[in-house]
Amino acid sequence: MSELILVVEDEPSLQETLVYNLEKLGYTVEAVSDGRLAIEAARAHIPDLIVLDIMLPSLDGFEVCKILRKEMSVPILMLTARDDEIDRVVGLEVGADDYLTKPFSMRELIARVKAQLRRTQIIREELGKIKTADTEEPHKILTFKNLAVDLTRREVRLDGQALALKPQEYDLLVFFAEHKGQMLSREFILERLWGWEYVGDSRTVDVHVRWLRQRIEKDAANPERIVTVRGGGYRFEG
Ligand code: CA
C-alpha cells in the first residue's frame, strides 16, 4: 500500500507542483489549502507524512503542528517563506521534524520527504522487533578536524561551540561536506541546493559561501576549508 502524504499549502501553483511530483513517485497525496481543513483531513485519515506551509488561512502552520503533535506522531515537514531563524526555531519547538525554506527545489523536497518516511519505517521495524527499544536514531555526525556537523540534529559545532547557522548556510555546508574534495561549480551548487528559482544568478552561491566562510574559517579572507577554484567554483577541503 502506498504511503499517504498530506500536503497543506494555500498557494495553488505550489500545491499543484507538490502533488504532481509526489504522486509521480507513487505516493497517495491529499491536498488542502487551509489550517482547519488540514486538521480535519489528518484526523480523518492519519497520514504517513505532512508537508505543512506556515502562512495559511484560518490557522497557521505552527498552530496546526501544535494541535496534531498532541494527537499523532506523524512526521511534519514545514515550509517557510522567510529565511528566518525564528521560523526554524519555533517550527522545531512546536514539534516539526524538518523544514524547508522557500524557494526550494523539488529534488530537495523529495529528498527530505524520503528521509522522513525512511526514518518512520526504521522506527516501526525496530518497534516491531523489540518493543522496549529506544527509538532515538543514532546521530549521524560528519567531522572535519574541529568542525562537527550533526545531521540528525541539524547542528554544527566548531571547537565544541554550537554555531547558529542560517538554514541556507547549513544546507550549503552539508552539501560541501557530502562532496568533500570535489570541485563544485556555482551552477551545480545552485541547481542542486536552491532550485530553478535562482538559476542564472550564480552570485547567490558566492554570497552564501562568503557568509559560511565567516562562520567556519579561521580567516575568511584566506579560506582553507572552502577554497575557490579558479574559473570553476568551490572545493571543500574539510
Ligand atoms: Ca502560504
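## Basis

The model is predicted: local features need pLDDT of at least 70, side-chain atom pairs count only at pLDDT 80 or more, and totals for chains, interfaces and linings use all residues. Residues are numbered from 1 along each chain as its sequence is written, and side-chain values use heavy atoms, with hydrogens and water left out.

## The sheet

Strands (E, at least two residues) and helices (H or I, at least four) are DSSP runs numbered from the N terminus; two strands pair if DSSP finds at least two bridges between them.

Strand 10 and strand 12 (residues 233-236) are joined by 3 bridges. Ser185 is opposite Gly233 of strand 12.

## Helices on the sheet

Angles run from 0 to 180 degrees between N-to-C directions, and axes are lines fitted to C-alpha atoms, for helices over the stretch in contact. Contact means heavy atoms within 4.5 Å.

## Helix 7 and helix 8

The axes of helix 7 and helix 8 (residues 203-216) come within 9 Å and cross at roughly 85 degrees. The two helices are therefore roughly perpendicular (65 to 115 degrees; under 35 is roughly parallel, over 145 roughly antiparallel, the rest oblique). Helix 7 contributes Arg186, Ile189, Leu190 and Trp194 to the contact, and helix 8 contributes Thr204, Val205, Asp206 and His208.
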